[in-house]
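Please consult the sequence and the structure shown below while reading.

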Amino acid sequence: MADLIKVLIVDDIPSTLDNLQKLLSFEPDIQVVGTAPNGKEGVEQARKLDPDIVLMDVNMPIVDGIQATEILAQEVPNAPVIIMSVQGERDYLRRAMQSGAREFLIKPFSGDELIASIRRVYQLEQKKESFLAKTAAPEDQAPGPQPADGARRAEHGQVFFFYSGKGGVGKSLIAANLAVSMANETKAKVALVDLDLQFGDVGVLLNLDHSQGITDLIENIEHMDQEFIREVMVDGPFGIKVLLTPISPELADLVTVDHVRRIFSELRKMFDYIIVDSSCHLGEINLEVLDHADRVVVVTSLSIPSIKNTKLALKIFDSLSISPDRVVLLLNKSDAHSEFNRESVEANLRFPIAGQVPNDAKLVINSINRGNPFVTTHPESEISQRIRELVAKLIPSSPAKEAAEPADKKARKGLFARR
Ligand SMILES: Nc1ncnc2c1ncn2[C@@H]1O[C@H](COP(=O)(O)OP(=O)(O)O)[C@@H](O)[C@H]1O
Ligand SMILES: [Mg+2]
């Protein structure tokens, strides 16, 4: 009995509740412990019944499925949510994932899909719990060997660290598309690492299976070798390998600077280029990677908060003795309506903009919702061309350089030269 997966179903349509209940009743390892007709009652039931899995509809009266999922993530964190929505609600995917949902099923889905999803989420949750139990136990962790700075520099791969002082400026979108474009243009070995450890969305942007991530590496850090790293990384477009975030935000805190140092030391041996997406938080981990990155790509936009935070970030870089030569300032949504423009941003920041990416709302939103990078679906769009230019700037000897040359000459003259 202890092994039964207890499921709570939340849906406002009685016939759907009925069908799902019937469907699950045939599974010997699954037991429906309750149902609820809206998000509010769903949360109440979850508190009472302590289910292993909550199946959650999106559009419901009183409290909808996304809000209910957010509440559950806070208040009943051991009740992982699988969101069920109809096709037209696909743009809910991001919000659903950000709300803390573990999986997303598009209606109509088959019984097999549903059951596989329930079992998968349940198993991951078990794995997470046993992992938490293990890491919570006190242990005398000997810090791993730390290569000297010089040794690390001598390793092969180059690290490009994407940073912004403000969220929502397009850092993840650009990092993901850049990694794919770089692999396509250079045919080199490219890794993409999502270091926005709590709320990274590289997996969603590239429509990847997020059943493993960095936590699997740190769980076995003493035995981590290149083969194991390769296994844990997920395959992305054009042969890129992606290291995803922990499967659940609360696991992010378990990742330490030492883990990151050791992982990057191996990654540098395995890949030619390592693209890193990050969170805005300038904590230990970001500072560690930032400090050793070959290039820091700072993404900004034409809004006052973004410019203000970019200014602060550049100041911090300066005080950390990060040479301006290593910093590449990128202006995203460069054609957005704003009282600012490239020149005024450069004047304000006293730093040259090395590249700009236009606003392309339609292409970008389609690309995100489908999980297809726009550089693969629309290589000739202006936004994709600008990404290729950025590849050429980061790797001056790459074939992408020639492709980008004509449009690019002027901007490149002043590249990396601080004003
Ligand atoms: N060049 C662009 N054109 C259109 N929309 C964009 C562009 N860049 C970013 N966006 C929008 O901004 C949102 C936030 O981007 P994201 O990469 O997640 O930001 P960050 O990682 O900096 O928090 C994206 O979901 C997308 O809708
Ligand atoms: Mg991001």
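How many residues surround ligand 1, and which are the closest? In this predicted model, 17 residues surround ligand 1, and the closest are Gly-168, Ser-172, Leu-173, Asn-332 and Pro-358. By class, the shell consists of 7 nonpolar, 6 polar and 4 charged residues.

| Residue | Protein atom | Distance to an oxygen atom of ligand 1 |
|---|---|---|
| Lys-171 | backbone N or O | 2.9 Å |
| Ser-172 | side-chain N or O | 2.8 Å |
| Leu-173 | backbone N or O | 2.8 Å |

On its own, ligand 1 has 570 Å² of accessible area, and the protein covers 85% of it. Two or more residues of the shell come from each of helix H7 (171–186) and helix H15 (361–370).

**Helix packing**

Two helix pairs may be described in turn. The axes of helix H11 (residues 257–270) and helix H12 (residues 284–292) approach within 9 Å and cross at roughly 30°. Angles under 35 degrees count as roughly parallel, and H11 and H12 are therefore roughly parallel to each other. The crossing of H11 and H12 is right-handed.

How do the axes of helices H13 and H14 cross, and at what angle? Helix H13 (residues 304–319) and helix H14 (residues 342–349) have axes that come within 10 Å and cross at roughly 40°. That angle makes H13 oblique to H14. H13 and H14 also form a right-handed crossing.

**Backbone features in loops**

Two loop positions deserve a separate note. Where is the cis peptide bond that involves Pro-108? This bond joins Lys-107 and Pro-108, with omega at about -5°. Pro-108 is placed in the loop between strand S5 (103–107) and helix H5 (111–136).

Asp-50 belongs to the loop that lies between helix H2 (39–49) and strand S3 (53–57).

**Summary**

Technical notes. Residues are numbered from 1 along each chain as its sequence is written. Chains are lettered from A and ligands numbered from 1 in the order in which they are written. This is a predicted model: local features need pLDDT of at least 70, side-chain atom pairs count only at pLDDT 80 or more; totals for chains, interfaces and linings use all residues. Side-chain values use heavy atoms; hydrogens and water are left out. A residue is near a molecule or strand if one of its heavy atoms lies within 4 Å of it. A polar contact is a pair of N or O atoms within 3.5 Å; within protein, one must be able to donate a hydrogen and the other to accept it, and residues adjacent in sequence count only if both atoms are side-chain atoms. Accessible areas come from the Shrake-Rupley method with a 1.4 Å probe; for residues, only the protein chains shown count as cover. Helices (H or I, at least four residues) and strands (E, at least two) are DSSP runs, numbered from the N terminus. Ala, Val, Leu, Ile, Met, Phe, Trp, Tyr, Cys and Pro count as nonpolar, Asp, Glu, Lys and Arg as charged, and the others, Gly among them, as polar. Axes are lines fitted to C-alpha atoms, for helices over the stretch in contact, and angles run from 0 to 180 degrees between N-to-C directions. Angles under 35 degrees count as roughly parallel, over 145 as roughly antiparallel, 65 to 115 as roughly perpendicular and the rest as oblique. A crossing is left-handed if the near helix is turned anticlockwise from the far one by less than a right angle, and right-handed if clockwise.
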